[in-house]
Amino acid sequence: MPKNLEMVTLLDFYGQFITPKQLDIAELYFCEDLSLGEIAEHERITRQGVLDVVKRAEDTLVKMEQRLNLRKKHTEQERVKDNIKDLCGRITEITQQYKYLDEVNDLVKEIKEEIETI
């Protein structure tokens, strides 16, 4: 399990805003769950150097989320998508009782397909 799932997610959204070295070290630390010592040995720098890089990367990623809110917006969009899918499912269940509402079911199917493109 990654050390900090939030940081892994922020790396996905904002990894291009940190330096390549910061990205490599942050991925080793947060995604690969390597220790500071393991990364220091791998990168041939001190543990303190690794910690400094991790902290700088973390600060940049958090600041980017505070400014842009991409992760927050994405999470909200996924929640809305799931809610719309659930509502479509409920409509389908209700309309299956009435055979003359096939058009409604077709429209619900189209809505579900459109949601998947978002």
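Which residues make a nonpolar surface patch of about 240 Å²? Phe17, Leu68 and Leu70 do. This is a predicted model, where local features need pLDDT of at least 70, side-chain atom pairs count only at pLDDT 80 or more, and totals for chains, interfaces and linings use all residues. Residues are numbered from 1 along each chain as its sequence is written, and side-chain values use heavy atoms, with hydrogens and water left out.

**View 1. The nonpolar patch of Phe17, Leu68 and Leu70.** Nonpolar side chains (Val, Leu, Ile, Met, Phe, Trp, Tyr) are joined within 5 Å, like charges within 9 Å. Areas come from the Shrake-Rupley method with a 1.4 Å probe; for residues, only the protein chains shown count as cover.

**View 2. Leu70 in helix α5.** Helix α5 covers residues 70-95. Leu70 is partly exposed, at 35% relative accessible area. Buried means under 20%, exposed over 50%, and partly exposed lies in between (1.4 Å probe, protein chains only).

**View 3. The helices of the protein chain.** The chain has 6 helices and 0 strands. Helices (H or I, at least four residues) and strands (E, at least two) are DSSP runs, numbered from the N terminus.

**View 4. Extent and burial of the protein chain.** The C-alpha trace spans about 70 × 30 × 15 Å along its principal axes. Of the 118 residues, 27% are buried. The chain exposes about 8500 Å², and carbon and sulfur atoms supply 52% of that area.

How values were computed: Patches are made of residues with over 30% relative accessible area and no salt bridge: like charges are joined within 9 Å, nonpolar side chains (Val, Leu, Ile, Met, Phe, Trp, Tyr) within 5 Å. A salt bridge is a side-chain nitrogen of Lys or Arg within 4 Å of a carboxyl oxygen of Asp or Glu.
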